[in-house]
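Trainee: I would like to go through the labels used for this model and check each against its definition.

Mentor: Go ahead, one label at a time.

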Amino acid sequence: MKNALIIIALLGLCGCVAPNFQRPPTHMLQVWNPTELDPYRKSGTGVVAGQAFLKTQGGDVKVAAGEEVSLVPATPFMREALRHFQQNIEPVEYTAAVRSEMNNVIKRTTADAQGNFEFHGVAPGSYLLQVSITWKVPSAYGIQTTGGLVVKEVEIRDGENSRVMLTR
């Protein structure tokens, strides 16, 4: 029995037995408060338009052609949740109920072939405008995906037309 335990421990050390490592649950400092979404549930007269793109190290421009662009209420909870998502961590507090509430107020559109997008009827408030722009590049390790999530916070006023360059 003792020999079997030693063999299992050695196999684990050399990587032959995959240990069961999991990230500990991540908790948020902000508390979910659905009433924060009340101003965003209303229809407004704001317009948000713009273009989403990234520039490669070589100077090429990659546009968000055909990608979904989202206009997310910039509540304190969502700002913190976004920071976690950018690190590929989903906080414990971002439950199915929260996702459902958020889906009711997030506005979405698809960027055209040049990465242009437009939202109409936007209620006044702060929003996180976001899109994922990725492309494939050859590397010493094969084909890799580069680019990523592009986010910009915008303030919208009723009746205002806002033009945004969504890039980093």
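Mentor: Start with Arg108, which counts as partly exposed because its relative accessibility is 38%, and partly exposed is the class between buried (under 20% relative accessible area) and exposed (over 50%), with a 1.4 Å probe and protein chains only. Before going on: this is a predicted model, in which local features need pLDDT of at least 70 and side-chain atom pairs count only at pLDDT 80 or more, while totals for chains, interfaces and linings use all residues. Residues are numbered from 1 along each chain as its sequence is written, and side-chain values use heavy atoms, with hydrogens and water left out.

Trainee: What makes Arg108 and Glu68 a salt bridge?

Mentor: The term requires a side-chain nitrogen of Lys or Arg within 4 Å of a carboxyl oxygen of Asp or Glu. The closest N and O atoms of Arg108 and Glu68 are 3.5 Å apart, so the pair qualifies.

Trainee: Why is this pair said to tie together parts that are 40 residues apart in sequence?

Mentor: Because Arg108 lies in strand β4 (residues 107-110) and Glu68 in strand β3 (residues 68-73). Strands here are DSSP runs of E with at least two residues, helices are runs of H or I with at least four, and both are numbered from the N terminus.

Trainee: Is Glu68 buried, partly exposed or exposed?

Mentor: Partly exposed, because its relative accessibility is 44%.

Trainee: How many salt bridges are there by this rule?

Mentor: The count comes to five. Among them is Asp38 with Arg41, whose closest N and O atoms are 3.2 Å apart. Another joins Glu101 and Arg41, at 3.0 Å from N to O. Glu101 sits in helix α3 (residues 96-103) and Arg41 in the loop between α1 (2-14) and β1 (46-55), so this pair links parts 60 residues apart in sequence.

Trainee: What makes Asp38, Arg41 and Glu101 one network?

Mentor: Salt bridges that share partners join these residues. Arg41 takes part in the bridge with Asp38 and in the bridge with Glu101.

Trainee: Why is Leu37 called buried?

Mentor: Its relative accessibility is 0%, so Leu37 counts as buried. Leu37 is also placed in the loop between α1 and β1.

Trainee: Which residues does Leu37 touch?

Mentor: Contact means heavy atoms within 4.5 Å. Leaving aside residues up to four places away in sequence, Leu37 touches Trp32, Pro73, Thr75, Glu101, Met102 and Val105.
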